[in-house]
Amino acid sequence: MLKPLLILSALVACACVSAKSSSTNSAPNGGAIFRASRCADCHATDLTGSKAGPSLEGLSANWTRSELTEFLADPAAVVSKDARLGALNMQYSQDMPAYDDLSSKQRDALAGWLLTK
Ligand code: HEC
């Protein structure tokens with residue numbers, strides 16, 4: 001009697017997992033990418049920054065969405081051309097890593113999400 005019950009509960013669990021993964025087919029979610037990419041390790045979950053990275057609040061004062069999308073793929077290239085970012089870079093022992101493993105769609109979604117903060 002116990003065995004069929006176990007099989008049934010395993011089937012139910014499988015159904016839940018597949019329902020969850022099918023929802024990731026929709027447009028990329030900037031907040032989820034921020035968490036999955038571990039940006040918070042340096043910028044904190046609430047974006048207020050840490051010893052390893054600056055605050056990411058109010059980015060819209062300095063960035064457009066497309067600039068930010070490009071920056072995420074190659075931060076060092078942008079830092080080397082921008083006096084404000086150059087000065088910011090001096091305050092941290094580690095540079096911002098490049099996120100060129102994210103697709104441009106993912107970087108765009110992340111940039112859009114960041115600009116609402
Ligand atoms: C290892 C630490 C570290 C990680 C991880 C990290 N950053 Fe950074 N970030 C920095 C540092 C340091 C700077 C300052 C510029 C520099 O030194 O490259 C910076 C700068 C920035 C800026 C520019 C801030 C401004 O004032 O204009 C943005 C936007 C940003 N990071 C977003 C992100 C996002 C989004 C992620 C995850 C995809 C991320 N960072 C991951 C360390 C990090």
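## Terms and model

Helices here are DSSP runs of H or I with at least four residues, numbered from the N terminus. The model is predicted: local features need pLDDT of at least 70, side-chain atom pairs count only at pLDDT 80 or more, and totals for chains, interfaces and linings use all residues. Residues are numbered from 1 along each chain as its sequence is written.

## Around the ligand

The ligand is surrounded by 28 residues, the closest being Cys-39, Cys-42, Gly-53, Asn-89 and Met-96; a residue counts as near if its C-beta atom, placed from the backbone, lies within 6 Å. At least two residues of this shell come from each of helix 3 (40–43), helix 4 (65–73), helix 5 (75–79), helix 6 (83–90) and helix 7 (104–114).

The shell divides into 19 nonpolar, 6 polar and 3 charged residues. Ala, Val, Leu, Ile, Met, Phe, Trp, Tyr, Cys and Pro count as nonpolar, Asp, Glu, Lys and Arg as charged, and the others, Gly among them, as polar.

## Helix 4 and helix 7

The axes of helix 4 and helix 7, lines fitted to C-alpha atoms over the stretch in contact, with angles from 0 to 180 degrees between N-to-C directions, come within 8 Å and cross at roughly 125°.

## Arg-38

Arg-38 lies in the loop between helix 2 (30–36) and helix 3. Phi of Arg-38 is near 65°, a positive value in a residue other than glycine.
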